[in-house]
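Subject: Structure handover

Hello,

Here is the structure I promised. Please open it first, then read the notes below.

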Amino acid sequence: MKELLFGALMLWLLTACNNENISNQNEAQTESETSSLTSKRICPSEEMRQEALQKNPALRQKVEEIEANAKRFSNNLALGKVLADGVVEIPVVVNVVYKTADENVSDARIAEQIAVLNADFGGTNSDISQIPAEFKGVKACDVKIKFKLVNTIRKTTTKISWDKADQDKDTMKKDSTGGINATDPTKYLNIWVVGSMPNPRGKILGYATFPEDAGTWKDGVVIAAHCFGKTGASAPFNLGRTATHEVGHYLNLLHLWGSTDAGCQTDYCDDTPVSPGSNGGNPIYPLNRICDGISRSQMFMNYMDYVHDKSMFMFSANQKTRMQAVVAAGGPRAGLR
């Protein structure tokens with residue numbers, strides 16, 4: 001009897017393994033392969049946005065207007081009617097809320113992060129040469145958006161960490177709740193650098209507001225200190241790409257798989273392949289995944305995916321157009337010019 005049970009168990013295990021291999025043969029190195037939460041990119045920006053949109057019809061109307069403006073801008077761009085003045089330079093204020101010396105990022109590290117933003121958005125990052133031939137034809141090159149640090153504000157805190165309640169209420173963005181008030185968000189990109197941000201999903205690396213929140217008290221980007229800048233940041237998020245990803249959201253870019261974790265949704269960019277969900281770790285090209293029964297090559301090296309910093313190094317041409325629409329005259333962030 002024991003031999004019979006053992007044989008049945010072994011048969012089940014072999015079948016289960018074979019089924020798993022078959023189901024995964026077209027999907028290599030997805031986010032689930034990253035076993036440690038500390039080495040997993042987690043960005044709740046779009047989930048936070050969806051919660052706000054569900055509660056606020058007026059906010060939903062703003063989003064519709066922003067999308068309509070993006071479409072108009074794309075049409076006008078094709079006709080040569082916009083960006084006659086060339087590059088838009090965005091002034092940046094960095095607000096450092098710290099408890100420990102490690103959280104009190106240095107001026108040199110802040111300058112380093114601004115340099116990363118300018119390289120990534122300017123298409124001068126050294127790893128841009130790694131873009132596969134398949135995607136070189138749709139790379140953004142220079143987005144025509146630059147960043148200039150104009151002020152750094154520092155404040156100590158007794159908070160050990162900023163949990164989900166802090167994230168939901170943006171407590172780091174208000175003096176009254178232990179944070180730092182934004183410097184006129186109609187004119188400046190505010191970046192808050194804080195300590196650990198635990199969340200039921202894992203440690204948050206950063207999050208951002210979208211253009212419908214332009215000019216409000218909470219408008220801007222929050223980055224965890226351990227993945228801000230390069231020198232002293234923690235691998236695998238030590239190349240400053242968390243800020244690049246979050247500023248992408250701030251300028252109206254979605255994750256490649258759409259606005260929810262369900263995946264296979266539009267990111268409003270025709271040149272970024274549809275994805276069933278995030279890719280994590282350091283995938284090897286080519287990586288194919290299935291949406292609507294069709295195997296699609298993944299642009300996992302795009303800044304709006306979830307891969308490690310060293311594996312992301314491009315925006316697409318359509319993403320460039322969406323960002324330009326936000327900062328152009330008449331766009332929701334025109335005041336940043």
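**Disulfide and cysteines**

The count comes to 1 disulfide, taken as a pair of cysteine sulfur atoms within 2.5 Å. Cys264 and Cys291 form it, with their sulfur atoms 2.0 Å apart. The link of Cys264 and Cys291 is left-handed, with -90° about the S-S bond. Cys264 sits in the loop between helix 7 and strand 6 (288–291), and Cys291 is in strand 6, so the pair ties together parts that are 27 residues apart in sequence. Helices (H or I, at least four residues) and strands (E, at least two) are DSSP runs, numbered from the N terminus.

Cys264 is partly exposed, at 28% relative accessible area. Cys291 is buried, at 0%. Buried means under 20% relative accessible area, exposed over 50%, and partly exposed in between (1.4 Å probe, protein chains only). Cys227 is buried too, at 0%. Cys269 counts as buried at 6%.

**How to read the model**

This is a predicted model: local features need pLDDT of at least 70, side-chain atom pairs count only at pLDDT 80 or more, and totals for chains, interfaces and linings use all residues. Residues are numbered from 1 along each chain as its sequence is written, and side-chain values use heavy atoms, with hydrogens and water left out.

**Overall**

The protein has 8 helices and 7 strands. Of its 337 residues, 49% count as buried. Take contacts (heavy atoms within 4.5 Å) between residues at least 6 apart in sequence: 72% of them join residues at least 24 apart.

After helix 7 comes Asn252, with a positive phi near 85°.

Phe228 is in the loop between strand 5 (221–224) and helix 7 (241–250). Phe228 counts as buried, at 1% relative accessibility. Beyond residues up to four places away in sequence, Phe228 touches Val94, Val105, Arg109, Ile110, Gln113, Ile191, Val193, Ile223 and Ala233.

**Pockets**

A pocket is found on a 1 Å grid over the protein atoms alone: an open set of points where a 1.4 Å probe fits, with protein on both sides within 12 Å along at least five of seven lines; lining residues have an atom within 4 Å of a point. Points are joined across faces, edges and corners, and a volume is the space filled by probe spheres set on them.

The largest pocket has a volume of about 350 Å³. Helix 2 (45–55) and strand 4 (206–208) are the elements that give two or more residues to its lining. Helix 2 supplies the largest share, 6 residues. The lining has 18 residues; Met48, Ala52, Asp168, Asp170 and Lys218 lie nearest the centre.

The second largest pocket has a volume of about 250 Å³. Helix 3 (57–78) and helix 8 (317–327) each give two or more residues to its lining. Helix 3 gives the most, with 4 residues. Cys269 is one of the lining residues, and so are Glu67, Lys71 and Arg322.

Best wishes
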